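Colleague: I am new to this structure, and I would like to go through its aromatic rings with you, one question at a time.

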Amino acid sequence: MSHHSSERIPWVDASKGICILLVVMFHANLHITPILGSGGVFDTVARYSAPFRMPDFFLICGLFLSRRITAPLSVYLDRKVVHFAYFYWLWILITCATIAPGLGYGFGPFLNSLATSLIYPQGWLWFIYCLPICFLIARVAEPLPRALTWLIAAGAHVFNVPGEPLIAVYLSHYFVFFYTGFVAAPALFELARRAADRKLLACAGLATWAFVNGWIVFEQPGSFPGLSLLLGLAGGCAITVIASLLSTMPVGAALSWLGSRSIVVYLGFFIPLRFAEQALLSVGLTSADLVILIAIVVAIAVPLALHKLVLRTGAGKWLFERPSWARMPAQGGTQRASA
């Protein structure tokens, strides 16, 4: 859904807001903690959220697939495949062109990054690379019983896929969550409604989940087949409940606002994040938590400010809106980045 949709659902946007915060925090922590050699609060949160951070993002992206799954094929391909391919390649090009010279890389690594992006999803944009393939698989599998498709997807997750090609690994791990969002959407919406109506029971359930998730992550690092699937699904349900409870509060309104612009942040956070990290480290800051916190704020604020400037001036709309030339024939118009 576009962030300009008139059909915004607060808890869905709040869920996206939580997820995008966790994603930006993860990438900031990933670069800073090894350099400074200390794991602070953000490192703990990143480890705690690992079982459900990206599974929940995929779950949310599948929530509204029922609205499009039976659309004419040309419309479906345009909005669910070409759409994401445009933003993937656009931001790969922008990132390679910006970060390579800015961090002292040469023209050779720049070209190599572009070439490898054809086959290997690059950096944080692997999510945008995977989404259109998830939409394609869901469409191709639609003639099958949905329960069978889900079982196959769950089996692929549990038994994994060999390490090459990398996209197969991502799909085997995350498609089941995307498809769960699709087939279990009514149940998730009902869960959100009941959580809002029965807050005390919802909080008790969250406390139980929080303890179990933390115990498994920090005290029981070993795994058994299917554990990551269970943790991902449980985490997705937990974020649904949390978002439902927060959506009527001021903090929930802020999360919903951020979540309605999550794709803007997702596309644009990495470049300012890397430059903020370099700048903060160059001035001698040694507190990992402080560096990560400032980097997160910068990484989120910059793409949001850029997006606001684009909307105000009309210049650079192609950064966040797909122009007519990037649409399939007979589709026409423009379409904003959405997930």
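Colleague: Which residues form one aromatic cluster?

Modeller: This is a predicted model, in which local features need pLDDT of at least 70 and side-chain atom pairs count only at pLDDT 80 or more, while totals for chains, interfaces and linings use all residues. Residues are numbered from 1 along each chain as its sequence is written, and side-chain values use heavy atoms, with hydrogens and water left out. Rings of Phe, Tyr and Trp (its six-membered ring) pair if their centres lie within 6.5 Å, and planes under 30 degrees apart count as stacked, over 60 as edge-to-face and the rest as tilted. The one cluster is formed by Phe-57, Phe-58, Trp-124, Trp-126, Phe-127, Tyr-170, Tyr-174, Phe-177, Tyr-266, Phe-269 and Phe-270.

Colleague: Are the rings of Trp-124 and Phe-270 stacked or edge-to-face?

Modeller: Trp-124 lies in the loop between α5 and α6 and Phe-270 in helix α14, so the pair ties together parts that are 146 residues apart in sequence; helices here are DSSP runs (H or I, at least four residues), numbered from the N terminus. Because their ring centres are 4.4 Å apart and their planes at 10 degrees, the pair is stacked.

Colleague: Is Trp-124 buried or exposed?

Modeller: Buried means under 20% relative accessible area and exposed over 50%, with partly exposed in between (1.4 Å probe, protein chains only). Since the relative accessibility of Trp-124 is 3%, this residue counts as buried.

Colleague: Over the ring of which residue does the charged end of Arg-139 sit?

Modeller: A charge sits over a ring if NZ of Lys or CZ of Arg is within 6 Å of the ring centre and within 35 degrees of the ring normal. For Arg-139, the charged end is 5.0 Å from the centre of the ring of Tyr-76.

Key: Helix = DSSP H or I, 4+ residues; strand = E, 2+ residues; numbered from the N terminus.
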